[in-house]
Amino acid sequence: MSKKFGILTSGGDSPGMNAAVVSVARYAQQYGVELMGIRRGYNGLLGKSENELNDIRKLRSETVLDILDMRGTYLRTARCKEFFLDEVLDQVADDLKNKHHIDGLVIIGGDGSYRGALDLCKRGVRCVGIPGTIDNDLPYTEATLGYDTAVNVCVEAVRSIRATSRSHDRPHVVEVMGRRCGDIAMRTAIATGAEMVIVPEKKWDLRDVIKRLNEQITNGNPRATIIICENAWEDGNMADYPWREQLCGSDECVHGDTPFSTKLMAHVLKIACNAEVRSTVIGYTQRGAIPTAYDSAFAFEAGHRAVELLMNETPAKDDGFAVGVQHGRVFHTSLKDAAQKKPPRPFDEKMYHTINTLPYLPREDDLILVAARNVKK
Ligand code: ADP
């Protein structure tokens, strides 16, 4: 009897998800396997829609070929609260096996989606994960689908920002995504020559940022770029700066219900460093971008590997497979290990230190600028 596979995209969308779906569809067709596209992540497995076709529909390679370079995810994605409930998982696994007769499921998503997939593995559903997230926060793989694209979007944006910073001699704070992983921030900082980077992996202090920015300005660089990862606020000490009262009028305002923000940080630096500091949050353009060649190629190879695994390999009990990149090549490993994020990836302390301490070498006109600033004072 011919086989039937299912595929879904889950969690945050990431560039390259569509390319991976196309790849799976093409290889499945080569094997004569029917492929079902499941809509809106795990929600599509709950059997909520009156018309089943709204949730689970047949995908043929001709139907999906056009989405190869399409932004976002054609299958849609969503988060699904019900997937944390045992009774829901029992029902979903039973439906997948006995109602939809699905022999294998490809899940394109991050570690949360992997944990959901593992719950299905424990209930006898064969699952393969493809790491679809821009955050690059899965230590088992050197790259996740969409990470390279996100970095390229950030680099392009920071290059533009640095051009206008240079024109006006203004420092700039730029926030990038990454959840609790500073890889996008680090890579962007390295690629653009940014003067500072702030990441969730490292505790930091606003007073050090002020000190470093002041040093840059004094040394003739009034156009420094500070790259900050979106969730690094939790790891920073913003408590003890003397401008809090001026800015907010109360303690709670800064570190209570109102979290610190990139805009607020620029405002603080403006006062603390007497400079026209500006800010930009790059935001969702990182997620909705067209996949780079790297991500498209990774998607193609990952899709191929996922089909091969579902066709030819048997995972360990209660486990599935996760596709990733190791030593620059596509490989696969245990889904359990991949979802547990163990062992953690070591953080590049040396590069972090280099970016944040590299001195600025002033040019002649920089020194003129410093002299003019000193006269103003
Ligand atoms: P990502 O996959 O990008 O990490 P989330 O963490 O939001 O995104 O997870 C996506 C979805 O995966 C969740 O909405 C939920 O349906 C499912 N999921 C996450 N964690 C678990 C878990 N521990 N058990 C079962 N399902 C989970």
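Let's start with the rings: this structure, a predicted model, holds six aromatic pairs, meaning rings of Phe, Tyr and Trp (its six-membered ring) with centres within 6.5 Å. Take Tyr-140 and Phe-331: their ring centres are 6.3 Å apart and their planes sit at 50°, so this pair is tilted (under 30 degrees counts as stacked, over 60 as edge-to-face, the rest as tilted). Tyr-140 belongs to the loop between strand 5 (127-131) and helix 5 (147-168), while Phe-331 is in strand 13 (residues 329-334), so the pair ties together parts 191 residues apart in sequence. Helices (H or I, at least four residues) and strands (E, at least two) are DSSP runs, numbered from the N terminus.

Now for the ligand. Of the 16 residues around it, Arg-79, Cys-80, Ser-113, Asp-119 and Arg-179 come nearest; being near takes a heavy atom within 4 Å. Some polar contacts (N or O atoms within 3.5 Å) show up here. A side-chain N or O atom of Arg-79 is 2.5 Å from a ligand oxygen, and a backbone N or O atom of Gly-110 lies 2.9 Å from an oxygen of the ligand. The protein buries 87% of the 550 Å² that the ligand exposes when taken alone, using the Shrake-Rupley method with a 1.4 Å probe.

Residues are numbered from 1 along each chain. Local features need pLDDT of at least 70, side-chain atom pairs 80 or more, and totals for chains, interfaces and linings use all residues, while side-chain values use heavy atoms, without hydrogens and water.

Technical notes: A polar contact is a pair of N or O atoms within 3.5 Å; within protein, one must be able to donate a hydrogen and the other to accept it, and residues adjacent in sequence count only if both atoms are side-chain atoms.
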